[in-house]
Amino acid sequence: MVSSHGSSFDLRVAGLAHVWGSRGFPVPTDAGRSFTMVKYLFGSYLLDVDDRRLLRDNEEIRLRGKLFDTLRVLVENAGKLVRKDAFMESVWPDSVVEDNNLDYCISQLRKVLHPEKYIETVPRHGYRFIAPVRNAVRSATSQPKAAGGQSIAPLPRQDIRFSVTEDGVRLAWASTGDGPPLVKASNWLTHLDFEWGSPIWQHWWTELSKHHRVIRYDERGNGMSQRDVPHVSFDTWVRDLETVVDAAELNRFSLLGISRGGAIAIAYAVKHPERVSKLVLYGAFPMGLYHYGSPEELEARRALISLTRLGWGLHHPAFCRMFTNRFMPNATPVHENWFDDLQRVSTSAENAARLIEIDSNIDVRGLLRQIQVPTLVMHCDHDQVVSPEQGRQLAAEIPNARYASLPSANHLLLAEEPAWEILLQEFSAFMGWREESASRMRQISASEVAKPLVPH
């Protein structure tokens, strides 16, 4: 079915990409790869992407051209199935080659890595790199950093639980860290287990969990929550949040709304003002595209929904790239590959299309002036998924809201960007992290002073 409609599907994707491209959605090229300077460690090997070198126990193993590129794709996607068409797209992007070219490269790499058996064949589908891989060194612009320039610490342990809503839907939710509770309202495309440790979300949960007990969940029809649900609407999204908050036994907490989650967080904060202490909105919007879009934009959105039903999860390069370019125009190949995989594991094609449709109909403008809690609004100044104008509208209509502009074109802010440190600084000032740290230090000092002296 895919092959018989492939050319038509390609043309429709290209047409939609053209509409978005005219609004500032560039197609990534390999030019950005030279800035990643990523080094990967596996076994006794070090793969230096920037210098295109493979070292074993500090001795170089020469890999020419496509052999190196093939190994790079495998290592960057360690543990994941890499399909043959993905290799063709990445290793031979401008050529039409036979499968035996890839087979040859895999065969030669197995000889190079012998006696270790790091490359697994998945018959009729592709290959998987099965050795544990970790990042060794990155440049200052690409190594994930915490505030102050430190490298991101290892992920904390997450505690995953399940709860059932009043209408009988099973929801998965997770808790990490200690401290004042911070709940994240659901946003589009989540999977509690799969996104844990991803290059797109790892820095968020690591840094926030240092200061808070962070509560996340997969909405109905998505991720680890129940997929086959008869009813999904904006109201059910709000009720799902209510279910998770009650299951976590939270009386009062801060609420984080990312992208579409911002509207859900707003609705909850107005409905339950006594339970929300602070509200943080990042990349959020008060109304979906159906309430303000031009005829061209509305037609593009309808085409997107149609293409989602056809191309979701098929690993179609043009379709995957179109989505990634919207959310992260400055993404590296590592980010692109991960976001591509998230599409396939997060939800079904029909659910994905249904969520986009509901998303487009959101309208919480009438609730903004009813918000009674301190609010921080943060928005990337060149966001190409949600216009910065929407963030400014939120800040203008929510009483006494603070607005912070972040210098980025990405909708999903990456750890490699200078804007990430700015976001953490804004979070710190708004949530009182500095005061919290100072208070803890005073408590530690007081406890040390109060200790009785022990004679030697």
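User: Which helix holds A247?
Analyst: This is a predicted model, in which local features need pLDDT of at least 70, side-chain atom pairs count only at pLDDT 80 or more, and totals for chains, interfaces and linings use all residues. Residues are numbered from 1 along each chain as its sequence is written, and side-chain values use heavy atoms, with hydrogens and water left out. Helices are DSSP runs (H or I, at least four residues), numbered from the N terminus. A247 lies in residues 234-247, helix α6.

User: Is A247 buried, partly exposed or exposed?
Analyst: Buried means under 20% relative accessible area, exposed over 50%, and partly exposed in between (1.4 Å probe, protein chains only). A247 has 30% relative accessibility, so A247 counts as partly exposed.

User: Which residues does A247 touch, not counting residues up to four places away in sequence?
Analyst: Contact means heavy atoms within 4.5 Å. S163 is 84 residues from A247 along the chain, and their C-alpha atoms are separated by 6.7 Å. With residues up to four places away left out, A247 touches S163 and W173.

User: How are α2 and α4 oriented to each other?
Analyst: Axes are lines fitted to C-alpha atoms, for helices over the stretch in contact, and angles run from 0 to 180 degrees between N-to-C directions. The axes of α2 and helix α4 (residues 99-113) come within 9 Å and cross at roughly 80 degrees. Angles under 35 degrees count as roughly parallel, over 145 as roughly antiparallel, 65 to 115 as roughly perpendicular and the rest as oblique. The two helices, α2 and α4, are therefore roughly perpendicular.

User: How do the residues of the contact of α2 with α4 divide?
Analyst: From α2 come K66, L67, T70, L71 and L74; they meet L102, C105, I106, Q108, L109 and L113 in α4. Ala, Val, Leu, Ile, Met, Phe, Trp, Tyr, Cys and Pro count as nonpolar, Asp, Glu, Lys and Arg as charged, and the others, Gly among them, as polar. The contact of α2 with α4 divides into eight nonpolar, two polar and one charged.

User: At roughly what angle do the axes of α2 and α3 cross?
Analyst: Helix α2 spans residues 65-76 and helix α3 residues 84-91. Their axes come within 10 Å and cross at roughly 125 degrees.

User: What is the mean pLDDT of the protein chain?
Analyst: pLDDT is the predictor's confidence in each residue, from 0 to 100. In the protein chain, 79% of residues reach 70 or more, and the mean pLDDT is 81.
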